[in-house]
Amino acid sequence: MVNDSNQTRKTILDGLRNSSTPLSGARLAEILDMSRVAVWKHIQVLREMGYDIDPTPSGYILQSDGDHLYRWEFEKGKEDYKAFRELDSTMEEARREAAKGCRSFTTIVAESQSEGRGRGTRKWDSREGGLYFTWVIRPELPLPFHYIYTLAAATALSVTAEELYGIHLRTKWPNDLLWENRKAAGILAEMETRGDRIEWLNLGMGINVNNRLDSPEAVSLEEIRGSRLDRKEVLLSLEKNYRKILIEENPLSVRRHWEKRCGSIGKKMKLKSARGETFSGRFTGLDPSGSLILEKGSGKADTALFGDIYIKEGEIL
Ligand code: BTN
């Protein structure tokens, strides 16, 4: 259920969107059965949240309608959903929610992040226009299968981009989505365990949707498509596809779906680990533990690699 403030904000926005002329505070106060001062306070909050509402002598005007992700912008089914204009990181807020005992699939979204985190010690550029969120998941699978949740999320985004926009995003081990070798999205997973059980697994996704990017190695879906995208549509479809994969697929078949969407299966590679070791061989897929298999050929044992491995540019054999 949306709470009263959410309902009030939705009513104000609906009124402004459906009105071709300025909507007076007095009229809104009448519709909402509250004082004009109370209306004004709600308008102030909406402005702080990024809505472009201007007070004019004859009433309020919504100057331009942004693509906002607040809960009242969705039709229904967003009970376990918290959206913020800015957060340090959705991973931090998700941690707090998980500790409070929130339900599985609680979603924490931020329009921008001041301390967006990437894997390792990297930062994640999180300016407005992108999609930055964390799902708090209460996994049913035991600890050794934790990687399935990340593979399923990458697969779900690849499916979503294809279904909605005909964009072919390729999965890249372990947690990236690429378009023509440029990064369109990244995934970060954090979890808390008790014995063999995962208490919570927080899965953060940063998707370059309509955001401007500084690095030529990154790409936004807007750039690929040639026009802006509706982030609500992306988020809803992604969540639907993710749940579908997790519910309908045998956990081990998830890696097969991921492999089918991977751009580097079958390629010879030279990889360098974060610790500086190099490995080479043909990338044949993932083993049941989620490790990357590098086939050496000529009777040598294959290598199974897990963790953060970087494919060095120009070093594909
Ligand atoms: C990576 O490719 O290094 C992972 C990037 C993950 C970024 C997302 S944005 C939403 C969530 N909050 C964060 O601070 N990071 C993740």
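Looked up threonine 193 first: its bridge partner in β9 is isoleucine 198. Strands here are DSSP runs of E with at least two residues, helices are H or I runs of at least four, and both are numbered from the N terminus. β8 (residues 182-194) and β9 (residues 197-207) run antiparallel, and 10 bridges join them.

I note that this is a predicted model, where local features need pLDDT of at least 70, side-chain atom pairs need 80 or more, and totals for chains, interfaces and linings use all residues. Residues are numbered from 1 along each chain as its sequence is written, and side-chain values use heavy atoms, leaving out hydrogens and water.

Next, the sheet. I find 7 strands in an open, mixed sheet, ordered β3-β4-β5-β9-β8-β7-β6; pairing takes at least two DSSP bridges between two strands. β3 (81-87) and β6 (170-172) are the edge strands, each pairing on one side only.

Then I went to serine 126, in the loop between β4 (106-113) and β5 (131-137). Serine 126 is buried, at 6% relative accessible area (buried is under 20%, exposed over 50%, partly exposed in between; 1.4 Å probe, protein chains only). Its side chain reaches the backbone oxygen of tryptophan 124 at 2.7 Å. I also see the serine 126 side chain 2.9 Å from that of glutamine 113, a polar contact (N or O atoms within 3.5 Å, one able to donate a hydrogen and the other to accept it; residues adjacent in sequence count only if both atoms are side-chain atoms).

Last stop: threonine 21, in the loop between α1 (4-17) and α2 (25-32). Threonine 21 is exposed, at 51%.
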